[in-house]
Amino acid sequence: MSSSTETTDPPPSRLRAFLRSRTTWAAGVASAVVAALLIAWLPGEGRNLVDRVIAADPVRFLLIDGPYESDVAVEHPIDDPADRAALLTEPDRFPALVAKYGGGPVGRLDIVIVAEGGRSQTRIVDIRPRVLKTLPLLTGTYFHPVTAGQGDVIALHANLDGTDRLLRGTDRKPYFTAKQILLNRGEQETLRLSFTAAKAAYEFELVATIVADGRRYEQVVRRPDGAGFRVTGAARDHRRYPRVYVGGGTTWRLGGRADKCEIFPRSKGC
């Protein structure tokens with residue numbers, strides 16, 4: 001259920017006249033001058049005050065959206081002839097096709113984020129996934145890159161099949177129960193977050209809890225296009241997938257029986 005408030009805009013001629021008026025121009029100049037004076041007189045607190053007034057985020061999160069290097073499954077079969085042709089001839093479109101057909105990595109999703117302080121001092125006291133949807137295993141189409149690798153060691157990990165879904169360190173203890181991330185203005189910290197799934201598929205966003213200026217803030221991190229992140233478990237039997245593609249890099253090809261049995265050794269008949 002949603003509600004909306006109806007607004008009435010002034011006629012275009014009146015609106016243009018207002019925007020061009022000396023009063024409006026003078027107010028803008030005055031605001032800029034006041035902001036500059038605050039920053040000059042109070043280099044730390046003045047900038048913090050300006051950031052609070054303009055509602056700037058206390059921490060800026062830059063998502064490093066890398067290529068898919070592990071197995072991927074999508075929710076819906078890729079039946080469109082143009083999209084299937086793109087798999088063979090336009091490998092650069094693969095991430096866009098995964099997004100179009102509601103897909104995500106199989107087993108584990110790694111997210112790399114650069115967090116940058118936006119105040120004289122901020123503390124990230126918690127980051128956790130917030131599940132938006134729990135879905136059946138994504139079995140529309142399966143992709144197995146032959147060059148899949150393990151990548152770097154994951155700094156923090158959360159199991160979305162679990163009950164608490166807390167990010168844990170290499171010692172398996174909840175990271176943010178004992179530690180915080182302290183950032184000064186302009187200081188950056190790279191976070192490598194890993195999320196696993198086996199029993200279902202999950203669409204989720206990240207919610208960061210931040211303390212700055214004596215206040216608590218919540219910031220939501222999503223993909224650059226505004227969509228949530230997705231990760232899915234794998235079906236045991238390759239027959240759950242209408243098509244299984246093998247390859248990646250320069251092109252994809254339909255996998256044969258030997259390919260499918262190598263990827264899904266527990267399938268019937270393998």
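## A disulfide and two residues to look at

Cys270 is partly exposed, with 43% relative accessible area. This cysteine belongs to a disulfide with Cys261, and the model you are looking at is a predicted one.

**The disulfide**
- The structure holds 1 disulfide, and Cys261 and Cys270 are the pair that forms it.
- A disulfide is a covalent bond joining the sulfur atoms of two cysteines.
- The sulfur atoms of Cys261 and Cys270 sit 2.0 Å apart, which is within the 2.5 Å cut-off for a disulfide.
- The S-S torsion for Cys261 and Cys270 is about -70°, so this disulfide is left-handed.
- Cys261 has a relative accessible area of 15%; because buried means under 20%, Cys261 is buried.
- For Cys270, the value of 43% makes it partly exposed, since that class lies between 20% and 50%.

**Ser267**
- You will find Ser267 in the segment after α6, the helix spanning 257-263.
- Ser267 counts as buried because its relative accessibility is 4%.
- Leaving aside residues up to four places away in sequence, Ser267 touches Arg236, Asp237 and His238.

**Gly214**
- Gly214 lies in the loop that links β10 (201-212) and β11 (215-221).
- With a relative accessibility of 78%, Gly214 counts as exposed, because exposed means over 50%.
- Gly214 and Thr122 are 92 residues apart along the chain, and their C-alpha atoms are separated by 9.5 Å.

Conventions: Residues numbered from 1 in each chain as written. Predicted model: local features only at pLDDT ≥ 70, side-chain atom pairs only at ≥ 80, totals over all residues. Heavy atoms only, no water. Helix = DSSP H or I, 4+ residues; strand = E, 2+ residues; numbered from the N terminus. Buried < 20%, exposed > 50% of the residue type's maximum accessible area, 1.4 Å probe, protein only. Contact = heavy atoms within 4.5 Å.
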